[in-house]
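Here is a model to go through by question and answer. Each answer sets a value against a stated rule.

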Amino acid sequence: MTNERFLPMTSSEGTDAQRDFGDLDAALVRALQADGRASILDLARMLGISRDLASQRVRRLIDEEGVKVVAAVDPGFAGHEVLVHAMLDVEGAAAPIAHRIADYSDAVLVSLVSGMRPIVVEFRHGDLGELDEMLAAVRAIPGVRSIRLTTYVEVLKGFFVSNARKDVSPDPIDIAIIAMLQRDGRTSFKSLSDEVHLSPSSVRERVAKLLDAGVIRISAIRPGGISRSRFSIGLGISARGDLDAIRELILSTPAIDFAARTHGSFDFIATVHGHVSGEVLAAVESLRSLAEVASLDSWTHLDLVKEGYARSVGQELRP
């Protein structure tokens with residue numbers, strides 16, 4: 001059965017049609033975030049639309065909107081125990097500094113944003129010593145005035161963090177499979193099997209084992225910044241009293257794409273996405289309305305310079 005809410009409309013209803021397709025696209029992204037390898041048929045059945053429409057919208061999301069479906073290695077398996085969020089105050093143009101920071105492999109996200117601190121960076125490190133070295137290198141870049149640092153204590157939402165962790169030691173074949181899935185998480189089992197010289201059924205079992213163990217998660221990620229149909233803002237939340245109410249609201253708000261409980265400048269950091277500004281505003285206002293939220297800072301992502309959550313794993317996975 002076809003869901004009438006997602007049917008195309010006439011040209012005289014163009015604005016409504018765009019909004020309805022925006023709703024459909026958002027639902028497709030959420031479904032692919034839950035299971036990046038869900039088939040087109042499964043997606044169509046889940047949303048009550050035709051297979052052709054599901055295929056067309058998924059292809060558009062990937063080709064035109066920059067959505068990627070990739071495998072990411074859980075930071076713990078990759079040896080990354082220190083995850084931090086940094087906001088940089090700079091002198092002069094921010095873009096050259098952002099691109100220079102993007103050259104560092106431990107900078108997994110670099111974004112140009114609005115506000116007094118125009119560069120946002122996420123770093124991953126194996127220990128605090130590596131973080132110290134990275135911060136020293138960034139401070140030495142001409143134009144960097146200061147770094148506002150927040151440490152992730154617990155990632156509440158994020159495609160690169162698995163829901164379970166088991167004691168598994170990926171072998172070289174597993175690592176080769178992960179590397180291919182990091183480029184395209186929807187690569188067919190036949191294509192994977194051709195590369196590693198195993199049967200498709202054997203590759204299917206290996207992928208299932210890696211997913212079940214929490215070594216990888218295959219999910220959709222949306223590009224940062226603003227497009228014709230999408231807004232993306234970051235939030236820094238300072239709390240008073242108990243944190244549970246804020247945590248519960250974050251977990252129950254679909255528009256909040258990423259969130260972490262943190263120490264440092266904020267108690268929580270989150271990213272809110274929406275295909276209309278009202279959707280983003282509603283999520284922000286719901287947070288502001290909580291008595292437990294003492295203050296809320298926000299910044300708009302204007303240009304995503306780097307998003308390297310899906311990284312080469314050759315030397316990163318723990319034996």
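Q: How far apart are Glu285 and Arg288 in helix α10, in residues and in helical turns?
A: They are 3 residues apart in helix α10 (residues 277-288), so about one helical turn separates them. Helices here are DSSP runs of H or I with at least four residues, strands are runs of E with at least two, and both are numbered from the N terminus. The model is predicted: local features need pLDDT of at least 70, side-chain atom pairs count only at pLDDT 80 or more, and totals for chains, interfaces and linings use all residues. Residues are numbered from 1 along each chain as its sequence is written, and side-chain values use heavy atoms, with hydrogens and water left out.

Q: What makes Glu285 and Arg288 a salt bridge?
A: The rule asks for a side-chain nitrogen of Lys or Arg within 4 Å of a carboxyl oxygen of Asp or Glu. The closest N and O atoms of Glu285 and Arg288 are 2.9 Å apart. That is within 4 Å, so the pair qualifies. In general, side chains of opposite charge can pair when their charged atoms come close.

Q: Why are Glu285 and Arg288 called partly exposed?
A: Buried means under 20% relative accessible area, exposed means over 50%, and partly exposed is in between (1.4 Å probe, protein chains only). Glu285 has 38%. Arg288 has 44%. Both values fall in between, so both residues are partly exposed.

Q: Which residues do salt bridges with shared partners join into one network?
A: Asp25, Arg57, Arg60, Glu64 and Glu65.

Q: How do you know that Asp25 forms a salt bridge with Arg60?
A: Their closest N and O atoms are 3.5 Å apart. The pair links distant parts of the chain: Asp25 is in helix α1 (residues 14-34), Arg60 is in helix α3, and they are 35 residues apart. Both residues are buried. By the salt-bridge rule the count comes to 13.

Q: What makes Arg145 and Asp89 a link between separate parts of the chain?
A: Their closest N and O atoms are 3.9 Å apart, and they form a salt bridge. Arg145 lies in strand β5 (residues 144-157) and Asp89 in strand β2 (residues 82-90), so the pair ties together parts 56 residues apart in sequence. Arg145 has a relative accessible area of 55%, so it is exposed.

Q: How do you know that the length of helix α3 agrees with its residue count?
A: The expected span is 1.5 Å times one less than the number of residues. For the 13 residues of α3 (residues 51-63) that should be 18 Å, and the end C-alpha atoms are 18 Å apart, which agrees.

Q: Why are the buried residues of α3 placed on the same side?
A: The buried residues are Leu53, Ala54, Arg57, Val58, Arg60 and Leu61. They cover an arc of only 160 degrees around the axis, which puts them on the same side of α3. The arc is that of the directions from the helix axis to the C-beta atoms. On the other side, Arg51, Asp52, Gln56 and Asp63 are exposed.

Q: What makes β7 and β9 a pair?
A: Two strands pair if DSSP finds at least two bridges between them. Strand β7 (residues 231-239) has 7 bridges to strand β9 (residues 268-274), so they pair, and they run antiparallel. Phe231 stands opposite Gly274 in β9. Strand β7 is also joined to strand β10 (residues 293-307) by 7 bridges, again antiparallel. There, Leu235 has Ser298 as its bridge partner. Of the 9 residues of β7, 7 are buried.

Q: Which strands make up the closed barrel, and in what order?
A: The barrel of 8 strands runs β2-β4-β3-β10-β7-β9-β8-β5, with antiparallel pairing. The twist averages 35 degrees from one strand to the next. Axes are lines fitted to C-alpha atoms, for helices over the stretch in contact, and angles run from 0 to 180 degrees between N-to-C directions.

Q: Why is His85 called buried?
A: His85 lies in strand β2. Its relative accessible area is 3%, under the 20% cut-off, so it is buried. Contact means heavy atoms within 4.5 Å. Not counting residues up to four places away in sequence, His85 touches residues including Glu122, Arg148, Tyr152 and Trp299.
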